[in-house]
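Reader: Hey, I'm new to this one. Could you walk me through how its charged side chains pair up?

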Amino acid sequence: MTKKKIAWITDSTAYVTKELLDHPDVYVVPLSIIFGEESFEDGIDLNTDQLYSRIRNGKEVPKTSQPSAGKFAELFESLKPEYNAAVAVHVSSRLSGTLNSCITGAELAGFPIFTVDSKCMSFAITSLINKGLKLAENDMPEHKIADILQSETDKSENYILLGSLEQFYKGGRMSGTQYLLGSILNIKPIIRINQHGEFELFDKVRSENKAIKRMIELLENSYENHTIPQVQIMHGNAPDKAEELAEQIQFHFPRLDIFIGDISSTIAAHAGEGTLAIIWQNAS
């Protein structure tokens, strides 16, 4: 059998488009979502509808867990007959140990990989993989593709309105002080994943409408200084809010392409139902 050149590895924090889902060389390794003694694989035996239902009807805030090195090793062993190497693009290493598990799994399997720390999650990972696939069409070496994709991570911007402060706090992603400010004073914090790949409190506003207006202002600042091919609106079971935001963005930027998609169960376990986020890449 003729060996294919590159396998593409990612995890379930990424937004997996239909094109990527159907791509024969793209492999998604799921994170686990844990309710007490029960553990589910994201997107395999627990979808977002089931996640939201369990959270609404229960008292327990779910936890998440990275895939084991052994799971990655099994995948890489299975790839050996067809692939020379893999490019792995994963959730920020500051937010999850998934990238380290991938590296260890590749070492256990003796399979060459070239890793990219996305320093983000969701569609930011999707954009990197899409760019990598295009670079691979020109027979670019794996290591060079990974280097280019790593440099691209600094061009990504994201701003997030959390659906549940409580879930974010109990998941260890927010300090007690920030949680109290948000819950007692009804402040809507705008969160982002910064260029180090860490969550940070970017701004505090008094209402969701003001928060959305602020997010559009941030997009406008980038739009005036960069080429932005597309803005992605990601939501946690809030399609109406996502559509309304898309309409506002389209009004201000008629030529800007807009994509709307769901956050994965792994992200929703921390951010909560009703989450609304915008992501874009400053192409130049």
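**Salt bridges**

Author: A network of salt bridges links K188, E208 and K241. A salt bridge here is a side-chain nitrogen of Lys or Arg within 4 Å of a carboxyl oxygen of Asp or Glu. The model is predicted, so local features need pLDDT of at least 70 and side-chain atom pairs count only at pLDDT 80 or more, while totals for chains, interfaces and linings use all residues. Residues are numbered from 1 along each chain as its sequence is written, and side-chain values use heavy atoms, leaving out hydrogens and water.

Reader: How many salt bridges are there in the whole structure?

Author: A search finds 13.

Reader: OK, what about E208 and K241, how far apart are N and O?

Author: 3.3 Å in that salt bridge. E208 is in helix α9 (residues 208–225) and K241 in helix α10 (residues 239–252), so the pair ties together parts 33 residues apart in sequence. Helices are DSSP runs of H or I, at least four residues, and strands are runs of E, at least two, numbered from the N terminus.

Reader: Switching topic: is K119 buried or exposed?

Author: K119 is buried, at 19% relative accessible area. Buried means under 20%, exposed over 50% and partly exposed in between, with a 1.4 Å probe and protein chains only.

Reader: And which residue does K119 meet in a salt bridge?

Author: D154, at 2.8 Å from N to O. That pair links distant parts of the chain, 35 residues apart: K119 sits in the loop between β7 (113–117) and α5 (123–136), D154 in the loop between α6 (142–152) and β8 (156–161). D154 is partly exposed, at 37%.
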